[in-house]
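Biologist: Let us go through this model together. I will ask what stands behind each label.

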Amino acid sequence: MPPGRPCRPRPLLRCTPRRAADPGSSAGGAAAGGSSGDSSDGKAPPPPPAPSLGAAAAAAQRRALVAESLARLRRENQVLQAAIANVMDDKGPAGGGGSSSSSSSSSSSSSGGGSGSGGGSGSGSSGGGGGVRASTSGGATSTQGGASQGGQAPTAAARPAAVEAPAAPPRAPDKPAAPQPAAAPVAAAAPTPGPSLGLGPSAWGQPTQPLEPMVPPRPPRAKAGRPAPRCETPLTLIFCAAEVAPWSKTGGLGDVAGALPPALAARGHRVVVVAPRHANGGADLARYAGLAEVKPLTGGGLTGGGSTGQGSAGQGSAGGALTGAQRPARVTLQLAGRPQEVAYYRHYSAAEGVDWLFVDHEAFRRPGTPYGDARGPFEDNLFRFALLSLAALEAPLQLPPADGGRPYCEDSNIVFMANDWHSALLPVFLQARYRPAGAYPSAPCALAIHNLAHQGLFPSHAFNGLSLPGGAYGLLEWRPPRAEPKKDEHGHSNDHGHGQPKINVLKAGITASQLLLTVSPTYAAEITSTPQEGGLDALLRSRAGDLRGIVNGIDTEEWGPEDDPHIAAPYSAADMRGKAACKRALQREMRLPGDPRAPLLGFVGRLDRQKGPDVILEALPRLAELGCQVVMLGSGDPEYERALSEAARQYGFFFRAHVGFSVPLAHRVVAGCDALLMPSRFEPCGLNQLYAMAYGTVPIVAATGGLVDTVEDVSPFGGDEGTGWTFSPPTPEALGGAVAAAVRAYRRRPAEWAGAARRGMQRDSGWRDAAAKYERVLLDLRSAHAPAAAQAAAPQAAAGRAAPRA
């Protein structure tokens, strides 16, 4: 450096984490002030010259500036943590600690629905032109209003770590108080393969991190109103689902399976839920801690190897039951040409009244999501979910009841309820294997369709592995309409058309079930009146008389701003001052300008074509013209994830994206935003709009499916009606028009906006009304299929009356 020239440090642009050394990079590239590069002749570059005294002074000054910046950031973080701690102290203990960051890949789900229970809370630092935030825990992506087809596989590459904001893990109301995991992730136990099942190359995936830790449930808050009325003719309801919250959840199916059964049990019904015990290679076993293994009464499945269990097939299980040490630990089922041993683990609370049963088998222990791993859906998903359906049919025959009453199979009012294609084989097995053996001679089965897009398509030769009589092939055979080859987004079929024979599991369930349910009246009308992918609309039209649409509810204990531990301040419809604090906190967390006049719009959901994230991205220029701020949270299709990252760089002055999923952050986005965007191309029910209204966040949604049934349009002429805005078709232009109308009300008619937000909060979105509707249709179903003697003995069953019990 020339003598006398002042020493000027380089301006500090941003602090970025140092990347690991690339094996192909030069050795000295990471030196202070140096840059990495390759020499033209392939040799390592010469070492840098020794710094002069001036250069050393400049380096010291740069280090001082960096240290000062880091110290300032630490002080700001401490102030934020102290403020959050004060809020938590005011509200009482919220349980659980902050979520931690890891570097495993995020699992993306395939369900059609709401917030998933996975992913750590990652608070990313955004520079002047950025705002990309990456979640790096192994959580599963949520979707609302629908089930998973087979789980879109988790992304193979790990995302960069992000700075974490303090947040409490999600609570699990009225569910088991699983022990809090230590700071280090639970070690993934090596699975024991056992006998070969011919599972294919995707059978055993790479270990993944566990889902967000479960925390002990908080005492439920007191609610006004009468308790649910008790049914005069209670049913014994056997639910079967591939996932159930909070133990395993990737989307809306898990939410429904975890919330509807307790709501029905509160009305006096005996309720059993059968789901897989998803171990995720051992990483998620802590979620099932404290569950006791249940010894069966006989051990031999009705259609399996060993004893036939005929004593429990309509003649009373006591006749063939074993006692004490004679009772085996597992039930043997016949599937795929060989005996399959399964174990059951139970959680039961007398106050809740639901018998939660989790099926253990080596096929449910492997690493990955409930449906797949980094290489795609598990190739033996047909076997796995056929085994689940058989286990649900065996549970009432083989297991002692949790409530100490009569065996479930002896109840004349037993009704089965399957959910989506994963358990659609249950009515097929019931018809083809169990009734001919004398079990469940009059028990009906209802099939709930959460998302028709996921049908369970497999090659026709896979029928041979189901251990069904040959006459049952006609139930599953499927020749879809001729169409262009198209890969199913969840990987189970890559030639949707061309008339090739297949087996369609959902089609078989629709044909064999006595009642069809879906998750909203509008979606029921859509799937019977408009062409559907795969051509099932014709079959559904033929069963239209047996199809009912019932809107889902939400867990108001988990989703409510009055005492949500994840948000900055509590509030209610009577006092909404805390919502402004939540907005300021979200703007700070996302590094957006703290402008209270700027409408803050949010999106939370799975990144795939159904949810329409591309519609929002294409509308960003229009949203910028309207002076909005936009926050998007989600993961899924890698192309959409890259598009979010690129948009955050291009529109960083008003747009932020968190690529990944975090339940605590989802709560903060829903509470902090002024409006929630849902430009779905189709939406069977949708849960996010219900969450938004519960938090006084106005939904702006596409006019489709359950969104039409739950969001009432605000009148452009004013008035005291409406909870949000709908638009059609789901295009950037239509979305921009709806947002423009909402922004006019936000800025020019604040009282009208506040009224829409308050009406949304006052809307009853819980499960009480939905459970009453489910009860009514299930009572009608049981009455229509009850034996003549039972109908004479219980003439009120068909009416489905319910009255309070003294």
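Biologist: Which residue lies over the face of Phe-378, and how far is that from the ring centre?

Modeller: Arg-366, at 4.7 Å from the ring centre. A charge sits over a ring if NZ of Lys or CZ of Arg is within 6 Å of the ring centre and within 35 degrees of the ring normal.

Biologist: What are we looking at, and what counts?

Modeller: A predicted model: local features need pLDDT of at least 70, side-chain atom pairs count only at pLDDT 80 or more, and totals for chains, interfaces and linings use all residues. Residues are numbered from 1 along each chain as its sequence is written, and side-chain values use heavy atoms, with hydrogens and water left out.

Biologist: Why is Tyr-371 called buried?

Modeller: Its relative accessibility is 0%, so Tyr-371 counts as buried. Buried means under 20% relative accessible area, exposed over 50%, partly exposed in between (1.4 Å probe, protein chains only). Phe-385 is at 1%, and therefore counts as buried.

Biologist: What makes Tyr-371 and Phe-385 an aromatic pair, and of which kind?

Modeller: Rings of Phe, Tyr and Trp (its six-membered ring) pair if their centres lie within 6.5 Å; planes under 30 degrees apart count as stacked, over 60 as edge-to-face and the rest as tilted. Here the centres are 6.0 Å apart and the planes are at 40 degrees, a tilted pair. Tyr-371 lies in the loop between strands S8 and S9, Phe-385 in helix H3, 14 residues apart. Helices (H or I, at least four residues) and strands (E, at least two) are DSSP runs, numbered from the N terminus.

Biologist: Why is the pair of Phe-416 and Tyr-440 edge-to-face?

Modeller: The centres are 4.9 Å apart and the planes stand at 85 degrees, so the pair is edge-to-face. Phe-416 is in strand S11, and Tyr-440 in the loop between helix H4 and strand S12. Both are buried.

Biologist: Which residues touch the most other members of the largest nonpolar core?

Modeller: Tyr-344, Phe-416, Tyr-440 and Leu-476, in a core of 114 residues. Such a core is a set of buried Ala, Val, Leu, Ile, Met, Phe, Trp, Tyr and Cys residues joined through side-chain atoms within 4.5 Å. Helix H3 gives the most to this core, twelve residues.

Biologist: How do you know that helix H13 is mostly covered?

Modeller: Ten of its ten residues are buried. Among them are Val-663, His-667 and Arg-668.
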